[in-house]
Amino acid sequence: MAHSIGSKPLLLKNFNLHEILNYSAKFSSATGNRSVAANISKGLKLFGDKFVSKISFTEPDFLRNDDFFIQGFVKAEMKKKVTYKPSVQIRTTCQVISATCTCPAGGTPAFCKHVFAFLHAINDYIAKKLYEALNFFRSHFFI
Ligand SMILES: [Zn+2]
């Protein structure tokens, strides 16, 4: 069952930029560092311009897998009405295992700018401790 991060905290407290860079390093030999680095920086811009929305996730069940599966929406840069759906698989240790995207550039595993925009959004959510905000509001406003 998928949960919105607005209804349940995503507890990957040690996720940080290093995990994004470790994931990107998988592609450096196959594609050349430049294209991956460019996608990381384009992704950061898409995230900064608020192109990422509706983050939801399924939790690890610790029987079949130890991974969170996190998905969301990223608006296309040029075509405003087009939305792509990146999905990332992150272990409870915060290691990014794999990613996919519905855009034309998104193979499996994907390293397109939408995947990196999405990883930046997750990083921001963790860095700002937004997972604590939900419990705070719940305890104060009984929602
Ligand atoms: Zn993509």
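## The nonpolar core and its setting

In this predicted model, the largest nonpolar core holds 31 residues. V52, V88, V115, A117, F118 and L119 have the most contacts inside this core. Several elements build the core.

Set aside its neighbours within four places in sequence. V88 is then in contact with I70, V96, A99, V115, F118 and L119. Among these partners, V115, F118 and L119 also belong to the residues with the most contacts inside the core.

Next, the whole protein. Its secondary structure comes to five helices and six strands. From the N terminus on, the order of elements is β-α-α-α-β-β-β-β-β-α-α. The radius of gyration is 15 Å, close to the 15 Å that the globule rule gives for 143 residues, so the protein is as compact as a globular protein of that length. Along the principal axes, the C-alpha atoms fill a box of roughly 50 × 35 × 25 Å.

How much of the protein is buried? Of its 143 residues, 29% count as buried. Contacts also reach along the chain. Take those between residues at least 6 apart in sequence: 51% of them join residues at least 24 apart.

Conventions
Residues are numbered from 1 along each chain as its sequence is written. This is a predicted model: local features need pLDDT of at least 70, side-chain atom pairs count only at pLDDT 80 or more; totals for chains, interfaces and linings use all residues. A nonpolar core is a set of buried Ala, Val, Leu, Ile, Met, Phe, Trp, Tyr and Cys residues joined through C-beta atoms within 7 Å. A residue is buried if 20 or more other C-beta atoms lie within 10 Å of its own, exposed if 12 or fewer, and partly exposed in between; C-beta atoms are placed from the backbone. Two residues are in contact if their C-beta atoms, placed from the backbone, lie within 7 Å. Helices (H or I, at least four residues) and strands (E, at least two) are DSSP runs, numbered from the N terminus. The radius of gyration is taken over C-alpha atoms; the globule rule is 2.2 Å times the number of residues to the power 0.38.
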